[in-house]
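Please keep the sequence and the model side by side while reading this note.

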Amino acid sequence: MFVNEGTFTPDSLIVSPDSPVLKEGIGLKPGQGTLKRGTIICKGTDGSGYIAGKTVTVSSGDGETGSGSTTNMTMKVFGILTDDTETGDKAEGDDIPAVVYTTGIFNRAALSVYTEAAVATFEDELKGIGIHLRNVQTI
């Protein structure tokens, strides 16, 4: 008669109800693997979402004649991923739908970014969009 739909395990990602917690959808670029809840997501100039700290290059000019060049795509912090999201291993196909928190107060230690980056690098930019970070004391 009863079906177990899943379990809830508190993760202390959201620290306080004192600030509104708003959400918005974004399409994540395929090929980034599994992105965990709490991952900082940046939006590229192509409109897709990427894990914060990852460098994405774009080509310009004529690649067939070798006269093209590559530059790093401009990225802006967009939000914090609400749920684990699988984007696959191949960087091809349509963007993967996801939801991010765009405002609120979050646990600094529960956030993640690309392996070669640090959460602190993005803190000022997060504040600029209404996301504030706090340290949470664990018992």
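1. Make-up. The protein contains one helix and 12 strands. Here helices (H or I, at least four residues) and strands (E, at least two) are DSSP runs, numbered from the N terminus. In sequence order the pattern reads β-β-β-β-β-β-β-β-β-β-β-α-β.

2. Basis of the note. This is a predicted model, in which local features need pLDDT of at least 70 and side-chain atom pairs count only at pLDDT 80 or more, while totals for chains, interfaces and linings use all residues. Residues are numbered from 1 along each chain as its sequence is written, and side-chain values use heavy atoms, with hydrogens and water left out.

3. Overall dimensions and surface. The C-alpha trace spans about 60 × 45 × 25 Å along its principal axes. The accessible surface is about 8,800 Å², and carbon and sulfur atoms hold 50% of it; such areas come from the Shrake-Rupley method with a 1.4 Å probe, and for residues only the protein chains shown count as cover. Of the 139 residues, 35% are buried. Buried means under 20% relative accessible area, exposed over 50%, and partly exposed in between (1.4 Å probe, protein chains only).

4. Contacts along the chain. Contact means heavy atoms within 4.5 Å. Among contacts with a separation of 6 or more, 69% are between residues 24 or more positions apart.

5. Charges. There are 11 positive and 18 negative side chains, and the centres of the two sets are 6 Å apart. Lys and Arg count as positive and Asp and Glu as negative; His and the chain ends are not counted. The place of a charge is taken as NZ of Lys, CZ of Arg, CG of Asp or CD of Glu.

6. The nonpolar cores. A nonpolar core is a set of buried Ala, Val, Leu, Ile, Met, Phe, Trp, Tyr and Cys residues joined through side-chain atoms within 4.5 Å. The largest one has 15 residues, and Ile 40, Ile 80, Phe 106, Leu 111, Phe 122, Leu 126 and Leu 133 touch the most other members. Two or more residues of this core come from each of strand E4 (40-44), strand E8 (75-81) and strand E12 (131-134). A second, separate core has nine residues, including Ile 51, Phe 78, Leu 81 and Val 100. In soluble globular proteins, nonpolar side chains tend to be buried together.

7. Leu 126. Which residues does Leu 126 contact, leaving aside its neighbours within four places in sequence? They are Ile 40, Val 77, Ile 131 and Leu 133.

8. Strand E12. Ile 131 and Leu 133 form the covered face of E12, while His 132 and Arg 134 form the uncovered one. In a regular strand the side chains alternate between the two faces of the sheet. Ile 131 is buried, at a relative accessible area of 0%. Beyond neighbours within four places in sequence, its contacts include Gly 79, Ile 80, Tyr 101, Gly 104, Phe 106 and Leu 126.

9. Strand E11 and its partners. Two strands pair if DSSP finds at least two bridges between them. Strand E11 (residues 104-107) pairs with E12 in the parallel sense over four bridges; Gly 104 is opposite Ile 131, and Ile 105 is opposite His 132. E1 and E11 pair in the antiparallel sense over two bridges, with Ser 16 opposite Ile 105. Are the faces of E11 covered or uncovered? Both are covered: Gly 104 and Phe 106 on one side, and Ile 105 and Asn 107 on the other, are all buried.

10. Around strand E1. Ser 12 lies in the segment before strand E1 (14-16) and has a positive phi of about 60 degrees although it is not a glycine. Ser 12 is partly exposed, with a relative accessible area of 41%. Ile 14, in E1, is also partly exposed, at 35%. Leaving aside neighbours within four places in sequence, Ile 14 is in contact with Val 21, Tyr 101, Ile 105 and Phe 106.

11. Ser 19. This residue is in the loop between E1 and strand E2 (23-28). Ser 19 counts as buried because its relative accessible area is 17%. Not counting residues up to four places away in sequence, Ser 19 touches Gly 104 and Ile 105.
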